[in-house]
Amino acid sequence: MKELIEKRGLPSLLSREEMLEILQREEYGFMPPPPEKISFRKEQLRNDNVFAGKGKLWEISVTCTVNGRDFTFPASFMIPEGEGPFPFIVNLNFEKNIPNFYFPAEEILDNGFAAFNLYFKDVTSDNDDFTDGLSGLFYPDGKRKDTDAGKIALWAWAASRLLDYAETEPRLDMNNAAVSGHSRLGKTALVAAAFDTRFRFSHSNDSGCSGAAIARENTGESVCDICRVFPYWFCENYKKYRKNEENMPFDQHFLLASLSPRFVSVASASEDGWACPENEQLSCFAASDAFIKDGVSGFICDRKAKIGEKFTDGHIGYFIKKGKHFFSREDWQYLLDFIKSKI
């Protein structure tokens with residue numbers, strides 16, 4: 001692993017503050033400040049025997065005031081029966097209603113977790129319209145400067161607002177808050193935790209390029225590819241590194257390292273060439289020194305992981321399953337087991 005890292009020519013790790021400043025300026029854009037005001041409305045969605053009596057389901061409406069203007073977005077919230085406090089997950093999702101394809105609700109409850117389900121398009125659209133939804137509060141004319149936040153940073157900002165709500169719920173354990181996501185939302189989960197230390201755990205599933213995977217010598221999606229198709233996910237400055245990854249003053253190990261000394265888990269899929277599982281694992285290895293420097297364990301693996309292996313002992317967890325680009329039940333169980341092993 002060390003030889004492969006040296007071959008990539010990665011920039012040396014810096015302090016957390018320095019790495020986050022570079023990532024904001026050159027890749028994701030600067031994270032907007034918290035809202036001027038925030039308020040919540042809680043409404044129980046079903047009064048019947050939801051989830052076989054294992055928990056209750058609510059809708060939380062979050063209203064944020066930014067630049068004197070209000071924007072409201074919803075999120076589903078489920079919590080087990082009992083007193084708690086319960087560890088919980090803010091799950092960034094491609095689907096709105098739960099349970100759904102990416103959100104095995106009963107399994108999550110069975111493992112003793114509460115969870116929020118945040119449908120990303122309820123926050124702002126997945127396109128280059130920066131007048132839409134939350135984007136319009138920060139960019140009323142739809143125009144951004146070179147270092148202004150892209151859509152990933154805005155989705156991450158919204159995830160933090162659910163932590164603001166969680167602080168008002170006595171049955172939630174704020175010492176064990178997690179954020180998770182798949183693909184582009186796996187990138188978002190890492191960014192959310194990088195900039196909000198209230199998240200003790202972050203989990204990315206098949207996040208790939210501009211997420212967990214090192215960009216240099218990536219055999220899957222490249223910076224050029226992602227900036228051609230999804231430039232609005234990032235700040236305008238990121239376009240400078242199309243076919244120019246070797247001159248980036250950072251790479252994605254900066255993002256993982258910025259989570260130290262908290263916990264981060266990365267899940268890959270063996271047949272997901274687009275996300276480049278080899279470079280996701282290399283990023284875990286390259287970020288490990290930041291955790292060790294902080295006096296905690298890093299990534300407990302110095303070789304290529306075998307398909308089906310689950311690493312949960314360190315502060316950096318890793319799992320590679322056989323299969324393609326999907327957030328499976330097996331991925332979810334790995335995440336839940338990883339968190340439970342640290343509580």
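**Exercises: cores, a buried histidine, a pocket**

The largest nonpolar core has 111 residues, among which Phe73, Phe77, Met78, Phe88, Phe116, Phe199 and Tyr238 touch the most other members. Such a core joins buried Ala, Val, Leu, Ile, Met, Phe, Trp, Tyr and Cys residues through side-chain atoms within 4.5 Å; buried means under 20% relative accessible area with a 1.4 Å probe, protein chains only. This is a predicted model: local features need pLDDT of at least 70, side-chain atom pairs count only at pLDDT 80 or more, and totals for chains, interfaces and linings use all residues. Residues are numbered from 1 along each chain, and side-chain values use heavy atoms, without hydrogens and water.

**Exercise 1.** Find which helix gives the most to this core.

*Solution.* Helices are DSSP runs of H or I, at least four residues, numbered from the N terminus. Helix α5 (residues 151-166) gives the most, with twelve residues. A second, separate core has six residues, including Met1, Leu10, Ile214 and Ala286.

**Exercise 2.** Decide whether His203 is buried or exposed.

*Solution.* Locate His203 first: strand β7 (residues 201-205). Strands are DSSP runs of E, at least two residues. His203 has 0% relative accessibility, so His203 counts as buried. Then list its contacts (heavy atoms within 4.5 Å). Beyond four places in sequence, they include Val179, Ser265, Phe327 and Tyr334.

**Exercise 3.** Identify which element supplies the largest share of the lining of the largest pocket.

*Solution.* α1 (2-8) and α9 (277-293) each supply at least two lining residues. The largest share, four residues, comes from α9.

Key: Buried < 20%, exposed > 50% of the residue type's maximum accessible area, 1.4 Å probe, protein only.
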